[in-house]
Amino acid sequence: IRDRAGILHGNNHNIPAFRWYDRQAKEIVASSNPSFVAGLEKDLSDGNGLLVDEGASRGNLFSGDAPYVMNTASTILDRSRFHTADFQSYFLDPYNFSRTLLLSIWDVILEMWQFRKARRNNVYPISDKKKRGGIYPLMRVFMTVVMRDLNFFTLLGDIYAGVPAAYATFVGYDEVAHHSGVESEDAFDILRKLDKQIARLEKAAKSAPRPYHLVILSDHGQTGGATFKQRYHMTLEDLIRQLAREKYHVQGDVDVHEDWSHVNVMLTEAANQQGAVGRSLSRALKGRSEEGQVALGPEGAAQAHEGKALDESEDGEEWEPGSTIIVLASGNLGLVYGTEVPERATLELIENIYPGLLDGLVQHEGVGFLLVTSEADGPVVIGGNGRYYLDEDRVEGENPLAGFGPNAAQHLKRNDGFKDAPDVYVSSFYDPEANEGAAFEEQIGFHGGMGGYQTNPFLLYPAELPLNGEPLIGAAAVHEVLKGWVSSNT
């Protein structure tokens, strides 16, 4: 979410992760909730986003201030924005409907066969049946077939209509790599199919009424490895619960990631369309909708969970006010918030209120480093055998950021300044020789933290477009480049 906000709006301030704790509102907030994303975009946007000049947003989290949007989470309930009738025009076409239906059925069969093959061949790491069984094959179809084809259908229309600029997100590889592995045959199969669709766009651009450049952007990569729970038979939440010594109630987040949010955004848009298709979907999903938003799968539980009183556990057991420790996860990044004090706790206060917590975390073999802020020294990165004082650029003992990339300190220092930064950022270990880390979520391919391929985004662009050759560090820098290209070609 942070990268997408920065790319489309040039501003991604105070977005610690996919889900975080809002201290002022005293609730867990998540970018899987369209209402929250709409409010977040309002706060971040200056009205001059990447697509503001008659541009189009297709299948995105944020709109980039585009006047033409489809399947975009931040505008899904804003009827003042122009939503096209692409759902109806696409699915009411007999060829499109039958093609998508057949490809969807095949993808379900393919997923079931691929998972069975991986289990038979004793592939490790591998997601468990809970993550890849049940309804997952149907949910995967939305990412790998339905969203892909709908996005391409709409982009083709944008090209032939002469839309100045269109930005679309394709999440198929990301979704499959989370569950099947970063370099699995399953994930590469998705990339090959995506390449074929890009070739269709290139062909269409040659006959468009105006010249077009195709730019392919990956805002992050993925790092692989067995999960923290698979390795150590406990979650980060469990570890902190042990270290809290039953003095504090430890509350984790609902086990849900952005995959279900894409499904729900698409269904919400479809159900709010005028016509027979919209009315039928609206009736069918009435029991799983709230204030016009569809909430299927664990996502519904997550939205109900957000805003829950923090002095009451899931089973109704009451705790003393302020005695809750909140543990959230985004890939191999953990966020730990204490509610003992209303503001972010300093290193000195943490060691006083939660004695042994920091040392217990950093000495665990699955933890790479912690980031806390010290009243005396500012942001401090703590490793098992050393500390890095970011303000002074000074290392004591071993550098805990060794192996995490040349820009790790710069990014951590910025994140430390966020208003809703956690009391403790926790990063899993990263093994550069094996190129592995350990997600605190149940994903064997992950992103959200540091270490490995996840910190290797790329920008593939035509050579004739200008670029000054300076390193692009941060999503806001990418926004400036793309904004310049869009402005010079409209």
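User: Before we start, what counts as buried, exposed or partly exposed?

Analyst: Buried means under 20% relative accessible area, exposed means over 50%, and partly exposed is in between. Keep in mind that this is a predicted model.

User: OK. Which class does R241 fall in?

Analyst: R241 has 33% relative accessibility, so it counts as partly exposed.

User: And what does its side chain meet in a salt bridge?

Analyst: The side chain of R241 pairs with that of E237, at 2.7 Å from N to O. E237 is also partly exposed, because its relative accessibility is 23%.

User: Where do R241 and E237 sit relative to each other?

Analyst: Both are in helix α10, which covers residues 236-244. They are four residues apart there, which means about one helical turn separates them.

User: How many salt bridges are there by this rule?

Analyst: The count comes to 19.

User: Is D149 buried or exposed?

Analyst: D149 is buried, at 4% relative accessibility.

User: What about D416, which residue does it meet in a salt bridge?

Analyst: D416 meets R344, side chain to side chain, at 2.9 Å from N to O. This pair links distant parts of the chain, 72 residues apart: D416 is in helix α16 (residues 408-416), while R344 is in the loop between β13 (333-338) and α14 (347-353).

User: Buried or exposed, those two?

Analyst: D416 is buried at 10% relative accessibility, and R344 is buried too, with a relative accessible area of 16%.

User: Which residues do salt bridges with shared partners join into one network?

Analyst: That network is made up of D107, E111, R132, R140 and D186.

User: Switching to the surface. Which residues form the positive patch?

Analyst: R116, K117, R119, R120 and K129 form a positive surface patch. Helix α4, residues 94-120, gives the most to it, with four residues.

User: Why is R120 called exposed?

Analyst: Because its relative accessible area is 55%, and the cut-off for exposed is over 50%. R120 lies in helix α4.

User: And which residues make up the negative patch?

Analyst: E348, E351, D359 and E375 form a negative surface patch. Of these, D359 is in helix α15 (residues 357-362) and counts as exposed, at 51% relative accessibility.

User: New topic: where is Q443 found?

Analyst: Q443 is in the loop between β20 (436-437) and β21 (445-446). It counts as buried, because its relative accessibility is 4%.

User: What does the Q443 side chain make a polar contact with?

Analyst: With the side chain of H178, at 3.4 Å.

User: Last one: where's S330, and is it buried or exposed?

Analyst: S330 is in strand β12, residues 324-330. It is buried, with a relative accessible area of 7%.

User: And how many Å separate the C-alpha atoms of S330 and P16?

Analyst: They are 9.5 Å from each other, with the two residues 314 residues apart along the chain.

Technical notes. Residues numbered from 1 in each chain as written. Predicted model: local features only at pLDDT ≥ 70, side-chain atom pairs only at ≥ 80, totals over all residues. Heavy atoms only, no water. Patch = residues over 30% accessible without salt bridge, like charges linked within 9 Å, V, L, I, M, F, W, Y side chains within 5 Å. Areas by Shrake-Rupley, 256 points an atom, 1.4 Å probe, with all protein chains shown as cover. Salt bridge = Lys/Arg side-chain N within 4 Å of Asp/Glu carboxyl O. Lys, Arg positive; Asp, Glu negative; His and termini not counted. Charge placed at Lys NZ, Arg CZ, Asp CG, Glu CD. Helix = DSSP H or I, 4+ residues; strand = E, 2+ residues; numbered from the N terminus. Buried < 20%, exposed > 50% of the residue type's maximum accessible area, 1.4 Å probe, protein only. Polar contact = N/O pair within 3.5 Å; in protein donor to acceptor, adjacent residues only side chain to side chain.
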